[in-house]
Amino acid sequence: MTVHIGVIGAGMIGQDHIRRITDVVTGADVVAVTDVDTARSQEVASGVNARALSTGHDVINDQLVDAVVVTSWGPTHAEYVLGAIEAGKYVFCEKPLATTAEDCLRIVEAEQAFGRRLVQVGFMRRYDAGYRAMKQVLDSGEIGAPLMMHCAHRNASSPESYHSDMAVQDTAVHEFDIIRWLLAEDIVSAQVIKPRKTSRRFEHLQDPQFMLFETASGVRVDLEVFVNCQYGYDIQCETVGETGTVRLPDPADVWVRGAGQLRTGVLQDWKQRFAAAFDREFVEWVASIEDGRLAGPSAWDGYATAVISDATTEALHSGRVVSVDLKDRPAFYGS
Ligand code: NAP
């Protein structure tokens, strides 16, 4: 079986996913593409022998399209995901699922009304080999009950358009998902502490930010978000349990000994760091469509991260500890 995919949004990550579906994934092809920039959608579509269609809804309702990938601008996501559910089609939506928690809930409700899972959200870290190995250790009980987690999310630099809320909503959002997934429980409160600002930032930006979270069972998580660290793209995570610790491995690179030094490289961007995770994410998404059973990050996960994001943004502005108030998780999304 070949899963025929329609892509809405042929920007940076949309083009990357189109290449991935075409070159990496077996059992799938891209048959339709749209973008608000019609010249771009035509160029991208012709590169993979797909058709360029006028709108996202044309893609969703196209007879040849079995499944939809939404990689357009965030504020358009909810409309397209709801459209795909209405058409009864599988939909992979890049984060965020929607830009408000209310819209995420509308999606959750629409999917439940449809009666089975159709939506997957693009939290690709769950497909990273290091995070998966860490989850295996945690689930095995080898280090006992988790007590604390230390995370860091560092980028070499950020553009002038990047503002303080984006450190929460665009950057830390990946940690919100991976913390919930690794610990298999929800975050219940958020706090943001503002350290001394780096001089190597645009004036308006609070950078770094130090975020503190508490989970339902009382695990304490600290997350440093530092988006002008200068030296590279660096993702760190360590969980401390009752009888041991588990730490995310650094990406493999050679160690060079010479001239009295020992050195290794640091990756420079997220595309390199998570390239294999993105590939695996699409391979498994397509396989789960073939099986008729989606297993990746759900619309509920998209909703939960939106609520954590809102609480953390409020914490950034107020300086207070803000509670994360999720609705009760529907049985539809498992335990
Ligand atoms: P981008 O390069 O700006 O691409 C967005 C594309 O969607 C642009 O081509 C844009 O056209 C187009 N678009 C906007 N509105 C549209 C509409 N109504 N219908 C169809 N196409 C529309 O942005 P990007 O970096 O690829 O990001 C896209 C999404 O992926 C964002 O939600 C982002 O958060 C997410 N993302 C996720 C990750 C991850 O780590 N998982 C990484 C990067 C991005 P114009 O350029 O003409 O506006």
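**Figure 1. Aromatic pairs in the predicted model.** The structure holds 9 aromatic pairs, a pair being two rings of Phe, Tyr or Trp (its six-membered ring) whose centres lie within 6.5 Å. Planes under 30 degrees apart count as stacked, over 60 as edge-to-face and the rest as tilted. One of these pairs, phenylalanine 176 with phenylalanine 213, is edge-to-face, with 5.5 Å centre to centre and 75° between the planes. Phenylalanine 176 belongs to helix α7 (residues 164-183) and phenylalanine 213 to strand β9 (residues 209-215), so the pair ties together parts that are 37 residues apart in sequence. Helices (H or I, at least four residues) and strands (E, at least two) are DSSP runs, numbered from the N terminus. Phenylalanine 176 is buried at 0% relative accessibility, and phenylalanine 213 is buried with a relative accessible area of 1%. Buried means under 20% relative accessible area, exposed over 50%, and partly exposed in between (1.4 Å probe, protein chains only).

Figure 2. Ring pairs link Trp300 and Tyr303 with Phe332 and Tyr333 into a cluster.

**Figure 3. Charges over rings.** The charged end of lysine 135 sits over the ring of tryptophan 181, 5.3 Å from the ring centre. Arginine 273 lies over the face of phenylalanine 274, at 4.5 Å from the ring centre. A charge sits over a ring if NZ of Lys or CZ of Arg is within 6 Å of the ring centre and within 35 degrees of the ring normal.

Figure 4. Of the 24 residues around the ligand (a heavy atom within 4 Å), Met12, Ile13, Asp35, Arg40 and Tyr80 come nearest. A ligand oxygen atom is 2.8 Å from a polar backbone atom of isoleucine 13. An oxygen atom of the ligand is also 2.5 Å from an N or O atom in the side chain of aspartate 35. Glycine 122 places a backbone N or O atom 3.4 Å from a nitrogen atom of the ligand. Taken alone, the ligand exposes 900 Å², of which the protein buries 75%; accessible areas come from the Shrake-Rupley method with a 1.4 Å probe, and for residues only the protein chains shown count as cover.

**Notes.** Residues are numbered from 1 along each chain as its sequence is written, and side-chain values use heavy atoms, with hydrogens and water left out. In this predicted model, local features need pLDDT of at least 70 and side-chain atom pairs count only at pLDDT 80 or more, whereas totals for chains, interfaces and linings use all residues.

Key
A polar contact is a pair of N or O atoms within 3.5 Å; within protein, one must be able to donate a hydrogen and the other to accept it, and residues adjacent in sequence count only if both atoms are side-chain atoms.
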